[in-house]
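User: I have a model open and would like to go through its architecture with you. Could we take it piece by piece?

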Amino acid sequence: MNKPTPTLRILGIRGVPAAHGGFETFAERLALDLVQRGWRVIVYCQHEGREALPDDEWRGVERVNIAVPGDGPGSTIRFDWRSTLHAARHPNLCLVLGYNTAAFLAALRLRGVTTVINMDGIEWSRAKWGPAAKTWFWLNERAGAWLGHYLVADHPEIARHLATRASPRKIHTIAYGADRVAQADAAPVQALGLRPGEYASVIARPEPENSLLEIVRAFSRRRRGRQLAVLGNYSAANPYHEAVRRSASDEVLFLGAIYDRQVVAALRLHSALYVHGHQVGGTNPSLVEALGAGNAVLAHDNPFNRWVAGPQAAYFGDEAALAAQFDALLDASERLQAMRQASLDRHQQAFQWPDILAQYRELLELAGGFSTSRPAAMADSQ
């Protein structure tokens with residue numbers, strides 16, 4: 001008797017191929033890996049519009065295309081609701097990325113559908129949200145912890161947090177992965193006006209909790225003889241964005257949002273120092289990608305970043321400490337080289353895609369009843 005084909009439905013992202021962020025990149029990598037191993041994978045994809053779209057296929061991955069009007073949070077909520085209702089009509093295992101609309105998963109639970117939820121960061125704690133949004137995220141985090149059969153934490157601190165909401169037995173810690181970047185043409189870097197090996201970089205959404213204002217101010221306190229490359233969308237209509245821009249010296253280059261993977265890889269590889277100002281969250285994809293590129297890392301000092309980047313990275317607590325780190329590091333070639341090697345070692349140890357995907361496969365096999373094996377290595381946070 002032939003065994004049924006393992007089947008997985010992926011919800012909670014905009015779709016594949018990846019174009020928007022860490023969850024999309026992960027979903028693309030996982031979906032392609034599973035398809036190559038004989039799985040059937042269905043991914044729900046969001047499109048802007050009102051007309052119904054036909055389902056299609058991309059590199060063996062089935063895509064359920066759902067059009068919703070607009071492109072803001074309300075549109076995403078409508079898309080998540082329609083995706084969940086569609087998935088509830090099928091008995092397949094579901095992987096949900098993020099808990100922002102986790103209350104909708106009651107529809108899956110009522111139909112007996114098994115769900116694995118990546119619980120992402122502690123979204124309701126982020127400073128950028130107002131009271132209504134914080135309440136929405138807080139309630140949905142609780143709903144996800146209750147409704148999900150298996151919870152994935154991407155960081156030990158997130159696992160400890162989730163253990164206050166759900167049984168530790170259903171929590172599995174699996175980090176985020178990144179490719180090793182060993183070589184990249186310097187031409188894209190030079191085309192952006194940067195000198196290879198003579199600039200620091202920061203890749204982050206321009207939000208207060210990501211310390212962009214502190215980073216730019218600290219770098220701009222005096223002439224550095226170096227450049228600071230800042231990636232991200234900055235709008236003249238946003239007061240915080242404008243404050244960051246106004247605080248910058250002429251050694252700071254705002255490059256906008258860059259989605260070309262080869263250009264981003266080149267920017268990382270040829271950077272003398274990567275600055276990571278995220279103050280909250282779990283395993284941040286941008287920081288993991290910096291490790292994979294062998295960047296010397298200067299990060300905000302918190303448990304999230306310290307676990308990811310390791311003890312050989314440099315850390316700062318406030319703007320003054322950050323300025324002092326710039327003073328100490330930018331011309332310390334031997335120290336920077338040691339930090340680069342430490343980043344590569346940390347990436348090799350914990351954040352390689354083959355290892356991350358293997359951990360997800362084992363958990364999904366367990367959740368779907370496709371295997372009796374127990375998730376390996378980073379599973380189960382104690």
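**Loops, sheets and helices**

Analyst: Arginine 59 is found in the loop between strand 3 (56–58) and strand 4 (61–68). Please keep in mind that this is a predicted model.

User: What is the phi of arginine 59?

Analyst: Arginine 59 has a positive phi of about 50°, although it is not a glycine.

User: And is arginine 59 buried or exposed?

Analyst: Arginine 59 is exposed, with a relative accessible area of 57%.

User: Serine 211 next. Where is it found, and what is its phi?

Analyst: Serine 211 is in the loop between strand 9 and helix 7 (212–219). Its phi is near 65°, a positive value in a residue other than glycine.

User: Buried or exposed, for serine 211?

Analyst: Serine 211 has 1% relative accessibility and therefore counts as buried, the limit being under 20%.

User: Which peptide bond is cis?

Analyst: The bond from valine 16 to proline 17 is cis, with omega near 0°. Proline 17 sits in the loop between strand 1 (7–11) and helix 1 (22–36).

User: What about the open sheet of six strands: what is its order?

Analyst: That sheet has the order 11-10-9-12-13-14, with parallel pairing. Its edge strands are strand 11 (252–256) and strand 14 (314–316), each of which pairs on one side only. Neighbouring strands are turned against each other by 20° on average, direction ignored.

User: How is strand 10 joined to strand 11?

Analyst: Strand 10 (residues 227–231) runs parallel to strand 11, and four bridges join the two. In strand 11, valine 252 is the bridge partner of leucine 228.

User: Which strands does helix 9 touch?

Analyst: Helix 9 (residues 261–269) packs on the sheet and touches strand 9 (199–203), strand 10, strand 11 and strand 12 (273–276). The direction of helix 9 makes about 135° with that of strand 9.

User: And helix 10, which strands does it lie across?

Analyst: Helix 10 (residues 285–292) lies across strand 9, strand 12 and strand 13 (297–300), running at about 165° to strand 12.

User: How do the axes of helix 10 and helix 13 cross?

Analyst: The two axes come within 7 Å and cross at roughly 115°. Helix 10 and helix 13 are therefore roughly perpendicular to each other.

User: Which residues meet there?

Analyst: From helix 10, Val288, Leu291 and Gly292 meet Ser343, Leu344, Arg346 and His347 of helix 13.

User: Tell me more about helix 13. Which of its residues are buried?

Analyst: In helix 13, the buried residues are Leu336, Met339, Ala342, Ser343, Arg346, His347 and Ala350. These residues lie on the same side of helix 13, because they cover an arc of only 135° around the axis. On the other side of the helix, Ser333, Glu334, Gln348 and Gln349 are exposed.

User: What span does helix 13 reach?

Analyst: Helix 13 comprises residues 333–350, 18 residues in total, and reaches 26 Å from its first C-alpha to its last. That is close to the 26 Å expected at 1.5 Å a residue.

User: What is valine 181 in contact with, leaving aside its neighbours within four places in sequence?

Analyst: With those neighbours set aside, valine 181 is in contact with Ala265, Leu269, Gly292 and Ala293.

Note on methods:
Residues are numbered from 1 along each chain as its sequence is written. This is a predicted model: local features need pLDDT of at least 70, side-chain atom pairs count only at pLDDT 80 or more; totals for chains, interfaces and linings use all residues. Side-chain values use heavy atoms; hydrogens and water are left out. The expected span of a helix is 1.5 Å times one less than its number of residues. Buried means under 20% relative accessible area, exposed over 50%, partly exposed in between (1.4 Å probe, protein chains only). The arc is that of the directions from the helix axis to the C-beta atoms. Two strands pair if DSSP finds at least two bridges between them. Axes are lines fitted to C-alpha atoms, for helices over the stretch in contact, and angles run from 0 to 180 degrees between N-to-C directions. Contact means heavy atoms within 4.5 Å. Angles under 35 degrees count as roughly parallel, over 145 as roughly antiparallel, 65 to 115 as roughly perpendicular and the rest as oblique.
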